Amino acid sequence: MSSIHQINASFSAVQDRILLRIASREDEEFRLWITRRVTRQLIEMMSAIGRGTAGAGPEPVAAASAAAGAGSEGTAPVRTDPGRFAQRYEERARQLPMGEEPVLVQSGQIEPEGNLLRVRLVMVDQRTLTMALGQDEARALVSLLLQTAARGDWGFLSERPVEPGPVPRPAYH
């Protein structure tokens, strides 16, 4: 994929999905449906990578989860403070490489690559969209997904990943 210019997310109650619109600097727009399962998968993978690298690479979820309580216009301009979406998504005609109708994402893969996270989204028709996100962009994406999921009452803010610890023994009464 080309360089990302803006990302917009909105919740569709009818579809019970997130419509993710990604605008590139090359005047393209990618329209994707993200399900609750895929949204959770992406957030959990970014969280695991953040915990696993312990400061060596992107750690998007902790800061993004804290910022997700802030208000949002549903747009994440690139190179912004995570969770602060002051710039509105530019509604204008763009090329649509994947078509006018949104494509359903069936899975996602995230891998650290130096100081970047390589996010690969796989569509139901097996097409892929790959994005390379820096730490700020990854935080902004997680924050945007969390805020949009909250509009759908998906419960992600109350289900933040918890660091593994000792398993408590059951108490019998």
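I'll start at a turn: in the hairpin of β1 and β2, four residues sit between the strands, and Asp16 there takes a positive phi near 50°. Strands here are DSSP runs of E with at least two residues, helices are runs of H or I with at least four, and both are numbered from the N terminus. Two strands pair if DSSP finds at least two bridges between them.

Before going on, the basis. This is a predicted model, where local features need pLDDT of at least 70, side-chain atom pairs count only at pLDDT 80 or more, and totals for chains, interfaces and linings use all residues. Residues are numbered from 1 along each chain as its sequence is written, and side-chain values use heavy atoms, with hydrogens and water left out.

β1 covers residues 4-12 and β2 covers residues 17-24; the two run antiparallel and are joined by eight bridges. One of the pairings is Ser10 with Leu19 in β2. Of the nine residues in β1, seven are buried, meaning under 20% relative accessible area, while exposed is over 50% and partly exposed lies in between (1.4 Å probe, protein chains only).

Now back to phi. Most residues other than glycine have a negative phi. Where else does a residue other than glycine have a positive value? Gln126 has a phi near 75°. Gln126 is in the loop between β6 (116-123) and β7 (128-133), and it counts as exposed because its relative accessibility is 53%.

Asp153 also has a positive phi, near 55°. Asp153 lies in the segment after α3, which is residues 135-151. With a relative accessible area of 69%, Asp153 is exposed.
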